[in-house]
Amino acid sequence: MKIENIGWSIGNFCNAKCHHCYSWRQRQGHEILSLDEIDTILDKIISYGIKTVNFGGNEPIFTNGKDLGSTTLPYIIDRLYERNIICGITTNGFTEKYLYENHFDTFMKVNDWDFSLDAPCSKEHNKNRNVSNAFEMVLEGLDICTKHKRLKSIVVAGMHTNLKPDVLNQFITLAQKYEADFRINILKPTEEHHKTLLPSVEKIYESMDWLLEKMDMVCMSESIFASQVGIGCNGSPCGEKSFRIRTKINGRVPITPCVYLDLDAGDILSESIDSIVSGAVFSCFIHMIVS
């Protein structure tokens, strides 16, 4: 087992309030990382040999609550870039816009931008995000990435509202317009109300069949579909090839083997990555997945 790719929920505030959000609880009672603590985490990431870091989970630019002037995201990206560690950002568009307008050099150091979209039209997407210009911000971000030749993708949380052929076709049209990859993550219910957003099993299969007829598949992260479409599957990367660094709370910065699970496998501030990934939580998690 060798972890190479990690996610980091460095943000502790978000400008949106998405109905399907799975990470809002992690922002409750958050604490701001000091520069010394950030350096501790970065040193461990670098020395362990991590190859890629994706910032997401919460809107990444908000590392210091609402205080954008004190954001430490540019510092973090610059340090990782110096050590040839690839950085990607999952965003609702706000982080990309802020870096582009205020830290252009850092913006250009980000390898890939993943823009979250819930609907391919302004009215529905903005309503779900509770942000009046959320859709327009994504389009602006895609346009900026095209202009500056940045890798980009449109990422959709698959819900019963958007796993429909006509809606999927509009997503594809957008992706083609901006020469972006298109990715769907089937919604993982982490809250009781998420159950009302879940698509039926039949709807999931129908949408996947439809997409496979319309698009070229680059990769398949859903294990059950990977085996059915005949591309092979090595199982979930969670806990074996990847993990998530969560926001600081109660003086700890927990590592969890999976972004969707509320597990604290160890504190990266006080423990080594080696000791955490070889510990009981990771071992039990991997055994559960394999079994």
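**View 1. Where helix α3 meets helix α6 in this predicted model.** As for geometry, α3 covers residues 94-102 and α6 covers residues 134-147, and the two pack at about 50° with their axes 9 Å apart (axes are lines fitted to C-alpha atoms over the stretch in contact, and angles run from 0 to 180 degrees between N-to-C directions). That is why α3 and α6 count as oblique to each other (under 35 degrees is roughly parallel, over 145 roughly antiparallel, 65 to 115 roughly perpendicular, and the rest oblique).

**View 2. Helix α5 against α6.** Here α5, residues 122-129, crosses α6 at roughly 110°, and the axes come within 7 Å. The pair is therefore roughly perpendicular. From α5, look for Ser 122, His 125, Asn 126 and Arg 129; their partners in α6 are Ala 134, Phe 135, Glu 136 and Val 138. The class tally for this contact is three nonpolar, three polar and two charged residues.

**View 3. Helix α1 alongside helix α2.** Residues 35-48 make up α1 and residues 73-82 make up α2; their axes sit 11 Å apart, at an angle of about 25°. So α1 ends up roughly parallel to α2. Leu 35, Ile 38, Asp 39, Leu 42, Asp 43, Ile 45 and Ile 46 of α1 make the contact with Tyr 75, Ile 76, Arg 79 and Leu 80 of α2. By class, that's eight nonpolar and three charged residues, with no polar ones.

**View 4. The cavity.** There's one cavity of 30 Å³ or more in the structure (a set of 1 Å grid points where a 1.4 Å probe fits but cannot get out; lining residues have an atom within 4 Å of a point). The largest cavity has a volume of about 60 Å³ (the space filled by probe spheres on points joined across faces, edges and corners). Its lining includes Ser 9, Asn 12, Glu 31, Leu 33, Thr 63, Asn 64, Thr 72 and Lys 248. Ile 38, which α1 uses to touch α2, also lines this cavity. Four of the lining residues are nonpolar, six polar and two charged.

**Notes for all views.** Residue numbers start from 1 along each chain as its sequence is written, and side-chain values use heavy atoms, leaving out hydrogens and water. Local features need pLDDT of at least 70 and side-chain atom pairs count only at pLDDT 80 or more, while totals for chains, interfaces and linings use all residues.

Methods:
Helix = DSSP H or I, 4+ residues; strand = E, 2+ residues; numbered from the N terminus. Contact = heavy atoms within 4.5 Å. 1 Å grid on protein atoms, 1.4 Å probe; cavity = no way out; pocket = protein on both sides within 12 Å on 5 of 7 lines; lining within 4 Å. Nonpolar A, V, L, I, M, F, W, Y, C, P; charged D, E, K, R; others polar.
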